[in-house]
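Subject: Structure for you to look at

Dear colleague,

Please find the structure below, together with its sequence. My notes on what was found in it follow directly after.

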Amino acid sequence: MKFSNKQVLITGAAGFIGFHLSKKLATLGFVVTGLDNLNDYYSVKLKEDRIEILSKFPNFHFLKADLCNKESLIEIFRSEKFDYVVNLAAQPGVRYSLENPDAYINSNIIGFQNLLEACRKFPVKHLIFASSSSVYGANTKMPFSVNDNVDHPISLYAATKKANELVAHTYSHLFKIPSIGLRFFTVYGPWGRPDMALFMFTKSIIEDKPIDVYNYGKMKRDFTYVDDIVEAIAALLPKPPQPNLEWDSNTPDPSTSFAPYKLYNIGNNQPEELITFINSLEEALGKKAKMNLLPIQDGDVLATYANIDGLIKDIKFKPKTSLKEGIISFVDWYKSYYLS
């Protein structure tokens, strides 16, 4: 399916998922505007190298801008006339939120509200925004379901993502902005962030340095390869949600609404122990890891496991990439980017 001349804004386009999604949508024929503030939370050069690759697409153009600058954002919307918006701009990371909470309020709350205001003033056909599996917080019922209550976050990052879902629903109701929130589950792959476990582990093992393994490697994560994520977003983009006429206020389902609003999990639907993840990485690198086995950290959850029934039903979503294949792809990229 081609989408020639359909205008899409991707915020956080210089980021990990934003880069891959921008490339995917440009390939499909969208006119892609990539927006990013290129902050220094991690390597600016890595972000610039992603943008350099994207700039080779004639239907991609990059804007350096910050969602926290409301006036600038409104001017961008006034001049560009977007059909679709995908918000991937955020301050990521659970642990960093313990050190710098202000960054999360500014980027994830204020920046997102500014974006919603822009979508209100210059209506779009569909807004998709990144939430996170972190919103499940203290929940222990597995697999995590969008139909369950998520009112007990255990990190500020998770709380800001839950806030995004609530504010987006309000704008969807009041101003009829069709909105989908996507709860991502431990996304990994080539061009990943340096603060993510796979990147840090790979770097340390190659450099013969020990890695910190929390909860003694017994945590489970629903590791999801980035290509599977962007395939799902691309399939959802031309399918804005409709109000659910069967929504019952006596038994409210958090995943859907009387407004044009919906939530989905995007995960691999197959959690793996952290130690299994490390073993697969050792195999891909051909080298054993030196491990510091440590107790669980504040803000971490013991396990994540995505119920993806909604995506299966609505877009026939099926993750295609095994953990072993995905780790090999990452290692190949890491070696070519950093060691060649």
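Arg-120 is partly exposed, with a relative accessible area of 39%, where buried means under 20% relative accessible area, exposed over 50%, and partly exposed in between (1.4 Å probe, protein chains only). Its salt-bridge partner is Glu-117, the side chains meeting at 3.2 Å from N to O, and a salt bridge here is a side-chain nitrogen of Lys or Arg within 4 Å of a carboxyl oxygen of Asp or Glu. Glu-117, by contrast, is buried, at 8% relative accessible area. Both residues belong to helix 5 (residues 101-121) and stand three residues apart, which is about one turn of the helix; helices (H or I, at least four residues) and strands (E, at least two) are DSSP runs, numbered from the N terminus.

Before going on, please keep in mind that this is a predicted model, in which local features need pLDDT of at least 70 and side-chain atom pairs count only at pLDDT 80 or more, while totals for chains, interfaces and linings use all residues. Residues are numbered from 1 along each chain as its sequence is written, and side-chain values use heavy atoms, with hydrogens and water left out.

By the salt-bridge rule above, the count comes to 17. Side chains of opposite charge can pair when their charged atoms come close. One of these pairs is Lys-24 with Glu-231, at 2.8 Å from N to O, and this pair links distant parts of the chain, since Lys-24 lies in helix 1 (residues 16-28) and Glu-231 in helix 8 (residues 226-236), 207 residues apart. Lys-24 is partly exposed at 22%, and Glu-231 is partly exposed as well, at 37%. Another pair is Lys-162 with Asp-151, whose closest N and O atoms are 2.4 Å apart; Lys-162 sits in helix 6 and Asp-151 in the loop between strand 5 and helix 6, eleven residues away. In this pair Lys-162 is buried, with a relative accessible area of 14%, whereas Asp-151 is partly exposed, with 45%.

Which way do the residues of strand 5 point? His-126, Ile-128, Ala-130 and Ser-132 point one way and Leu-127, Phe-129 and Ser-131 the other way, and all are buried. Seven of the seven residues of strand 5 (residues 126-132) are buried, so the strand is largely enclosed by the rest of the structure. Strand 5 pairs in the parallel sense with strand 4 (residues 84-87) over four bridges, two strands being paired if DSSP finds at least two bridges between them. Six bridges join strand 5 to strand 6 (residues 179-184), and these two strands also run parallel. From strand 5 the chain crosses through helix 6 (residues 156-175) to strand 6 in a right-handed β-α-β crossover, meaning that, with the strands pointing away from the viewer, the path from the first strand over the helix to the second runs clockwise.

Finally, Tyr-334 has its place in helix 11 (residues 323-339) and counts as buried, at 4% relative accessibility. Leaving aside residues up to four places away in sequence, Tyr-334 touches Phe-199, Thr-202, Lys-203, Ile-206 and Leu-339, where contact means heavy atoms within 4.5 Å. The C-alpha atoms of Tyr-334 and Gly-192 are separated by 9.2 Å, although the two residues are 142 residues apart along the chain.

With best wishes
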